[in-house]
Amino acid sequence: MTTGSVLLAYINIKRLQIDQHRAWMLRTWFYAGCIVTLRIIMIISALIITKTGGFYQAMPCDKISFILRDDPELFRNTYPNCFATNGTLDGWVVAKGYFADDASQIGVSFGITFGGAGWLALAIHAIGVEIYLHLTSREANRLRNVSYQRQMEAGFTHPGSSGITSDRSGDADVWQPMSQKEAVHEEKTTTQQTSA
């Protein structure tokens, strides 16, 4: 999603469609910020799992061996089924997800919550950026008029709609630039609101 958003932002800025460039760059950063929210949700979820008594998940023995490499005695005592008679760690064992004991159990608690936390973080950020864009439509309209002026100066065939806009690719009404009188009124209104 982030790569697609960056691509769309790049296409729009190359076509001097500044309003759409702004929207796609905001989406890019909101989607990238999803990683931070994901970690917070995972920690909270792991703590909830611990409070409910823990959950269990199958894990390969070699992965647990790697996680507990600094404490081989804990590994041997906690997971005795991992030690096969032939000396290999090919098996799987059931590990408890618990955010308090050893590192393998903390890892299980994070592994169990990762999928749900990822989708929840993505939903929060995707909805949040669209709400923000909806709440700042006046700025988007101002930038679209700036795009119109710059595209006119550059000789574009569809000034104001040369990027990836809904009136070119969707069923929205054809966009019309603001008249000079409307632009002055809009500027006065914006100035009054920011000074209040």
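Modeller: Of the 196 residues of the protein, 30% count as buried, where buried means under 20% relative accessible area, exposed means over 50%, and partly exposed lies in between, with a 1.4 Å probe and only protein chains counted. This is a predicted model, in which local features need pLDDT of at least 70 and side-chain atom pairs count only at pLDDT 80 or more, while totals for chains, interfaces and linings use all residues. Residues are numbered from 1 along each chain as its sequence is written, and side-chain values use heavy atoms, with hydrogens and water left out.

Before the close look, here is the setting. Read from the N terminus, the elements follow the order α-α-α-β-α-α-β-α-α-α-α. Among the contacts (heavy atoms within 4.5 Å) with a separation of 6 or more, 67% are accounted for by residues 24 or more positions apart. The accessible surface comes to about 12,500 Å², and carbon and sulfur atoms hold 61% of it; such areas come from the Shrake-Rupley method with a 1.4 Å probe, and for residues only the protein chains shown count as cover.

Two packed helices are described by the angle between their axes and the distance between the axes. Here the axes of helix α2 (residues 18-32) and helix α7 (residues 137-154) come within 7 Å and cross at roughly 135°. The axes are lines fitted to C-alpha atoms, for helices over the stretch in contact, and the angles run from 0 to 180 degrees between N-to-C directions. Angles under 35 degrees count as roughly parallel, over 145 as roughly antiparallel, 65 to 115 as roughly perpendicular and the rest as oblique, and α2 and α7 are therefore oblique to each other. On the side of α2, the contact is made by I18, D19 and R22, and α7 brings E139, A140, L143, R144, V146, S147 and R150 to it.

Which residues does S147 touch, once its neighbours within four places in sequence are left aside? S147 is in contact with L16, Q17, I18 and D19. S147 has its place in helix α7, and because its relative accessibility is 0%, S147 counts as buried.

Charged side chains also belong to this picture. A salt bridge is a side-chain nitrogen of Lys or Arg within 4 Å of a carboxyl oxygen of Asp or Glu, and by this rule the count comes to two. One of them joins the side chains of E139 and R142, at 2.8 Å from N to O. E139 and R142 are three residues apart in helix α7, so about one helical turn separates them. E139 is partly exposed at a relative accessible area of 29%, and R142 is also partly exposed, at 38%.

R27 is buried, with a relative accessible area of 12%, whereas E130 is partly exposed at 34%.

Conventions
Helices (H or I, at least four residues) and strands (E, at least two) are DSSP runs, numbered from the N terminus.
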